[in-house]
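Hello,

Here is the structure I promised to pass on to you. Please have a look at it first, and then read my notes below.

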Amino acid sequence: MELTTIWFVLIAVLWVGYFVLEGFDFGVGMLLPVLGRDDVRTDSLDVKPESGETRRRQMLSSIGPVWDGNEVWLLTAGGATFAAFPHWYATLFSGFYLPLLLILVALIVRGVGLEYRGKVDSALWRARMDVMIVVGSLLPAVLWGVAFTNIVRGVPIDADMEYVGGFWALLNPVALLGGLVTLALFLVHGAFFIALKTDGQLRHDARALGLRLGGGAAALAVVWLVLMQSGTGTALSWAMAMAAAVVFLGGLVMARRGREGWAFTGTFVTLGLAVASLFVALFPDVMPSTLDPANSLTVHNAASSEKTLGIMTWVAVIFMPVVLAYQAWSYWIFRKRVSGHHIPTGVHIAAVTEESTTQR
């Protein structure tokens, strides 16, 4: 296998890792105002109602130890693209400058909200941080779908490997559908993660919400995947897309049976297969041109030198297992559920990640 193909596969793996891990982070952030309401009712007289603040802190504590580590996948994917396929990186980041800038700003705003929400003992302060978390999760959830739809379906690229379309050209109907699909899938993914990682009434509400959203998300995803595969799809990419749909439906069945672990596994595998199918359909292109197929960026004309790729391969072989082992260890350490009694009442001057250590 050529080094260019190896690095295309590695970059695809990094993007798959980012979507399946950061996806539930975005989902949790977007669901704060939905599952973190103050007017919480329970269906049992034996269960004490949970305050909205307690529920919101449970939700944020569930991602507190891992959200920043999940973003490393994005940084690594961007860095690997820059080093392995510099022409792809240059065309992508110049042509998609505004959407990518909005994503970057949103991630910064979201990070500030997560880190500083518990620094001031004020309901108004926490409400403002919650807005930052919601908006900082919503924008990337939509824009990543828009971006990847355009990348796979193709954009206007001239003979100089430069994007010649405008910002509004990226907001075509299929791309907007892609944004809705990633938004819906992340919401379901986040709901099942909350159901898996919390206890009490919040756990049941999150599972029920995931089921309600699941049907619409499945319908949107099927239409979008068919449109994405109809152009350049191969037998393998079609099989992966169909497998993603089947696994997603299986996850919804498991959620209905109260099996949160299998439900979350279903959305996890669904996102992984869906993103992987896009890269399989894209190969050997990395950015197809709608003006002339000869202008398309491929793994060959967009790649770095053989020597550069060789050095990068050895670095990846040495350090990738270390990074994966560390992240797996962090998930294992914080594997337990976050219950309401883990949240100290009347104490707000604490960061989200500090609260999350009570899971140990």
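**What I found**

Trp15 and Tyr18 are three residues apart in helix H1, so about one helical turn separates them. Both of these residues are buried. Before going further, please keep in mind that this is a predicted model.

Let me start with the core. The largest nonpolar core has 96 residues, and Trp15, Tyr18, Phe85, Trp88, Phe96, Trp144 and Met287 are those with the most contacts inside it. Helix H1, residues 3-30, gives the most to this core, contributing 16 residues. As general background, nonpolar side chains tend to be buried together in soluble globular proteins.

Next, the packing of H1 against helix H11 (residues 260-282). Their axes come within 9 Å and cross at roughly 145°, and the crossing is right-handed. On the H1 side the contact is made by Phe8, Ala12, Trp15, Val16, Phe19, Val20, Leu21 and Phe24, while H11 brings Phe264, Phe268, Leu271, Gly272, Val275, Ala276 and Phe279. Of the residues in this contact, 14 are nonpolar, one is polar and none is charged.

Now the aromatic rings. The count comes to 23 aromatic pairs. The ring centres of Trp15 and Tyr18 are 5.9 Å apart and the planes stand at 85°, so this pair is edge-to-face. Phe167 and Trp168 also form an edge-to-face pair, with 5.1 Å from centre to centre and 70° between the planes. Are these two buried or exposed? Phe167 is partly exposed, at 26% relative accessible area, and Trp168 is exposed, at 69%. There is also one aromatic cluster formed by Phe8, Trp15, Tyr18, Phe19, Phe26, Trp144, Phe148, Phe186, Phe279 and Phe283.

Finally, two spots in the backbone. Most residues other than glycine have a negative phi, and most peptide bonds are trans. Phe283 and Pro284, however, are joined by a cis peptide bond, with omega about 5°. Pro284 lies in the loop between H11 and strand E1 (285-287). Met161 has a positive phi, near 65°, and is not a glycine. Met161 sits in the loop between helix H7 (123-153) and helix H8 (173-197), and counts as partly exposed at 23% relative accessibility.

Note on methods: Residues are numbered from 1 along each chain as its sequence is written. This is a predicted model: local features need pLDDT of at least 70, side-chain atom pairs count only at pLDDT 80 or more; totals for chains, interfaces and linings use all residues. Side-chain values use heavy atoms; hydrogens and water are left out. A nonpolar core is a set of buried Ala, Val, Leu, Ile, Met, Phe, Trp, Tyr and Cys residues joined through side-chain atoms within 4.5 Å. Buried means under 20% relative accessible area, exposed over 50%, partly exposed in between (1.4 Å probe, protein chains only). Helices (H or I, at least four residues) and strands (E, at least two) are DSSP runs, numbered from the N terminus. Axes are lines fitted to C-alpha atoms, for helices over the stretch in contact, and angles run from 0 to 180 degrees between N-to-C directions. A crossing is left-handed if the near helix is turned anticlockwise from the far one by less than a right angle, and right-handed if clockwise. Contact means heavy atoms within 4.5 Å. Ala, Val, Leu, Ile, Met, Phe, Trp, Tyr, Cys and Pro count as nonpolar, Asp, Glu, Lys and Arg as charged, and the others, Gly among them, as polar. Rings of Phe, Tyr and Trp (its six-membered ring) pair if their centres lie within 6.5 Å; planes under 30 degrees apart count as stacked, over 60 as edge-to-face and the rest as tilted.
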